Amino acid sequence: VFFFFYILIILCAGEQGYIGGAICAERAALLQLSHYKDPIIKKVIVTTDSESPIAPGVQCREFMLSHAALDTPIVMANGESSRISRCTLQELYPCQYLYRHQRRKSLMCFAENFSSNTKPVTDNLYPGTAELFEKAMAVIVHDNASALHPLQLAGGVLYSNGDIEVSWMMKALGMYVTVDDMFFACYTE
Amino acid sequence: LRVIPSKLFWVTDIVIIFSYTTEYGNTLDPITQLVVGMERRRVQALDILKSSDRVVPKVLLQVDQFGVCHAPFAMARSILTEHGYGDVLCIVHDTFGEVAPHEAVSLVPAPSGDYPLTHDDFSKIIVD
């Protein structure tokens, strides 16, 4: 016998003075699911007071992919529900992060195994791409905060004149985010 | 280093939520950092009248220490597509390990159908 509990979670976007730290309504709602054991997201509904429906933002799409199945229906509606559009999560965010379902313990092993079957990056796609790959790999050691997270990332861009610029991930950890900053007291009805 | 899930305590009629957490959200991904240089070159190129003489980004990639190429993450996808770099080719390993090129704009698709607002539409509404 299976029991299904349907839980409707409604949240709105949270915007602060510095817009870079804002959180969208979908992510705010998904965070509430952490209070439930192994929740299954059946559907995500996004409504707005504009005339046309609005699709989830890009960060939201990425966030949802770590918590919901690729075929999760996304329903977008305007405030009057006179215009409704539907799609799946997969349609909204192609080329999903390959390691998104890996837990930290298994991540490195999975990545190493996966890499043994990857094809090399060559110049077949665009001249200079192989050199771009090599130069990015060469600077990856500068992403050296592996204690924060073991996966290292580097990036590169190839310009039309053949110039190459590279960078690496700069991991950061806000050590001040402990009890005080994340303390909420909500009076019940 | 561990992320401890939130704990919920009920104290009479007050709900207190403690959350001991890390804040990886401060991390800067490689592609977003590269956009700074791309923007610098774009602004410097404004004085160059012939578009064919302008230096523009053509190919982007993001790779991990195992040599696996990942598509740009959400923030980078958004920045690239909303700031005129939608035609830059992103090199990605797909789930089968094949190398697959994708234009940046294709990584932020609009939902099918006529109704939903695109990012461009939404930007116009905000500006208006």
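Strand β4 of chain A, residues 153–159, is mostly covered: seven of its seven residues are buried, where buried means under 20% relative accessible area, exposed over 50% and partly exposed in between, with a 1.4 Å probe and protein chains only. Strands (E, at least two residues) and helices (H or I, at least four) are DSSP runs numbered from the N terminus.

A word on the basis: this is a predicted model, in which local features need pLDDT of at least 70 and side-chain atom pairs count only at pLDDT 80 or more, while totals for chains, interfaces and linings use all residues. Residues are numbered from 1 along each chain as its sequence is written, chains are lettered from A and ligands numbered from 1 in the order in which they are written, and side-chain values use heavy atoms, without hydrogens and water.

In a regular strand, side chains alternate between the two faces of the sheet. Here, Leu153(A), Gly155(A), Val157(A) and Tyr159(A) point one way from β4(A), Ala154(A), Gly156(A) and Leu158(A) point the other way, and all are buried.

Now for the partners of the strand; two strands pair if DSSP finds at least two bridges between them. One partner belongs to chain B: seven bridges join β4(A) to strand β3 (residues 57–64) of chain B, and the two run antiparallel. Within this pairing, Ala154(A) stands opposite Val63(B). Another partner is strand β5 (residues 164–168) of chain A, also antiparallel and joined to β4(A) by five bridges, with Gly156(A) opposite Val166(A). Four residues lie between the strands of the β4(A)–β5(A) hairpin, where Gly162(A) takes a positive phi near 95°.

Back at Tyr159(A), there is a contact with chain B: Arg41(B) lies over the face of this ring, 4.0 Å from the ring centre. The criterion is that NZ of Lys or CZ of Arg is within 6 Å of the ring centre and within 35 degrees of the ring normal. Arg77(B) lies likewise over the face of Tyr93(A), at 3.7 Å from the ring centre.

From charges over rings, we can turn to rings with rings. Rings of Phe, Tyr and Trp (its six-membered ring) pair if their centres lie within 6.5 Å, with planes under 30 degrees apart counted as stacked, over 60 as edge-to-face and the rest as tilted. By this rule there are four aromatic pairs over all chains. Tyr99(A) and Phe110(A) have ring centres 5.9 Å apart and planes at 85°, so their pair is edge-to-face. Tyr99(A) sits in the loop between α3 (89–92) and α4 (104–115) of chain A and Phe110(A) in helix α4, so the pair ties together parts that are 11 residues apart in sequence. Tyr99(A), at 2% relative accessibility, counts as buried, whereas Phe110(A), at 30%, counts as partly exposed.

Phe110(A) also pairs with Phe114(A): their centres are 6.3 Å apart and their planes at 15°, so this pair is stacked. Both lie in helix α4 of chain A, four residues or about one turn apart, and Phe114(A) counts as buried at 14% relative accessibility.
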